[in-house]
Amino acid sequence: MSVPADSERGLLEAVRRIAEEVAAAAADDVDRNARFPAEALEALRGAGALSAAVPEALGGQGASLETIARCCFELGRRCSSTAMVFAMHQIQVLTIARHLDGAPWFESYLRELHQEQRLIASATSEVGTGGDMSRSIAAATPEGEGVLSFEKQAPTVSYGAHADDLLTTLRRTPDAEPGDQVLALTKSGQAELEPAGAWDTLGMRGTCSPGFLVRARFASEQVLAAPFAEVMNQSMVPLSHILWSHVWLGIATDAFERARAFLRASARRRPGEPLPAAARLSHVMAELTLLRGEVSQALHDFQADDVDDRARLMTMASVLRFNNLKLAASEHAPSVCAGALEVVGIVGYRNDTPYSVGRHLRDALSARLMVANERLHATDAALLLIAKEP
Ligand SMILES: Cc1cc2nc3c(=O)[nH]c(=O)nc-3n(C[C@H](O)[C@H](O)[C@H](O)COP(=O)(O)OP(=O)(O)OC[C@H]3O[C@@H](n4cnc5c(N)ncnc54)[C@H](O)[C@@H]3O)c2cc1C
């Protein structure tokens, strides 16, 4: 990772402090009680971090993707749920900001987001299409002049009950094909979220992501004008894979650091005695290094294409590149956590020691399911047969 510009150092420092002083202190309680990390989100709001990605012209900080990714990493080291909530929100903000096309409603919305530090959740997956973001069943339905509505069965909406606003994928009209989609942003008061179950999960418990039946009524100008295929390929998918991976890298890094701290403490207690687990730690470090390399290279590749020619992000080679990031990171991160657990042993398996890594492992296992890896392999398998070499 390179050094951020001076103007962004303040943001990164503030987020790092919140990660260490607020998110870390609450992380076990958030996990144990599957509760929203309200104190960390309040602190992030206080630091203006929720509008980090809003362009400066609209009042925000216009922070680079690199700085936002580093914030996700820092939060991931201390509380996975806080980090994932932050990452998902930033993905929605960046997606809107990158496809604004001067739309007055969206510009004024981003100004408001900055002033009020509003939090955006997303409903892209759907009962019936699962994690396939490129198809929708729910449709934007005309309800008279300039008014639309929809009803969507969303199986997983992270922090849906705590968000101000909701970004939702829909079919363009009730007659449209499943792949003819739009993205609609609804504000609190315009959408009703009826809970469809609880969120008592293995990991990522503080993201509070149960299913909801979402019913909304809103103005037609709240639909992003850009073609959804463009929004999805140039922004939503690669940004999701990049920011999620930074969260997972943060989780894996902390698991590794705990394992190393455990071994160093053991070495201090029994100087001169052999530490067989040290070799295992070296294997874990090698895997963490691979993970870190892939995560930072993918960020670099995205930025290079984005600056040179954003249309390159629409190519099959680009889809393969960012799917590969997600596949690699989602498999290496839990593997590093499992390796750290083997190094620490029972002290790491217990939930009440400074070297506990059970929460890290449970949280990291969610990575494979955040869009099922087999689904991505199926897409990649088809593309590999026809895509040109990058
Ligand atoms: C912590 C967490 C937070 C989330 N937050 C949100 C959120 O805020 N908003 C949101 O919209 N979604 C969210 N999701 C949902 C997520 O993004 C996926 O959409 C969802 O997990 C998909 O559901 P599923 O696991 O049933 O997989 P599905 O995609 O329905 O797949 C079901 C099964 O079929 C297999 N499968 C599917 N397609 C193929 C294929 N082509 N080839 C081979 N096998 C296949 C899969 O491997 C899986 O075993 C979240 C998920 C997690 C874990």
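Helices α3 (residues 65-78) and α4 (residues 80-98) have axes that come within 7 Å and cross at roughly 160°. Helix α3 is therefore roughly antiparallel to α4, a term used for angles over 145 degrees. The axes are lines fitted to C-alpha atoms over the stretch in contact, with angles from 0 to 180 degrees between N-to-C directions. Helices are DSSP runs of H or I with at least four residues, strands are runs of E with at least two, and both are numbered from the N terminus.

This is a predicted model, in which local features need pLDDT of at least 70 and side-chain atom pairs count only at pLDDT 80 or more, while totals for chains, interfaces and linings use all residues. Residues are numbered from 1 along each chain as its sequence is written.

On the α3 side, the contact between the two helices is made by I68, C71, C72, L75 and G76, and on the α4 side by S80, T82, A83, F86, A87 and Q90. Two residues are in contact if their C-beta atoms, placed from the backbone, lie within 7 Å.

Helix α4 also holds S81. S81 is buried, because 31 other C-beta atoms lie within 10 Å; the cut-off for buried is 20 or more such atoms. Apart from neighbours within four places in sequence, S81 is in contact with V30, P37, M204, R205, G206 and T207. V247 is 166 residues away from S81 in sequence, yet their C-alpha atoms are 9.2 Å apart.

The protein is divided into domain 1 (6-118), domain 2 (121-222) and domain 3 (228-386), with bounds from an automatic or database domain assignment. The centres of domain 1 and domain 3, taken over C-alpha atoms, are separated by 21 Å. Their contact takes 21 residues from domain 1 and 20 residues from domain 3. On the domain 1 side, α3 and α4 are the elements that give two or more residues, and α3 gives the most, with ten residues.

The ligand is surrounded by 22 residues, and the closest are S125, G130, G131, A372 and E374. Elements giving two or more residues to this shell are β1 (120-123) and α11 (373-386). Domain 2 and domain 3 each supply at least three residues.

| Shell around the ligand | ten residues | ten residues | two residues |

Here Ala, Val, Leu, Ile, Met, Phe, Trp, Tyr, Cys and Pro count as nonpolar, Asp, Glu, Lys and Arg as charged, and the others, Gly among them, as polar.

How values were computed. Near = placed C-beta within 6 Å. Parallel < 35°, antiparallel > 145°, perpendicular 65-115°, else oblique. Buried ≥ 20, exposed ≤ 12 C-beta atoms within 10 Å, placed from the backbone.
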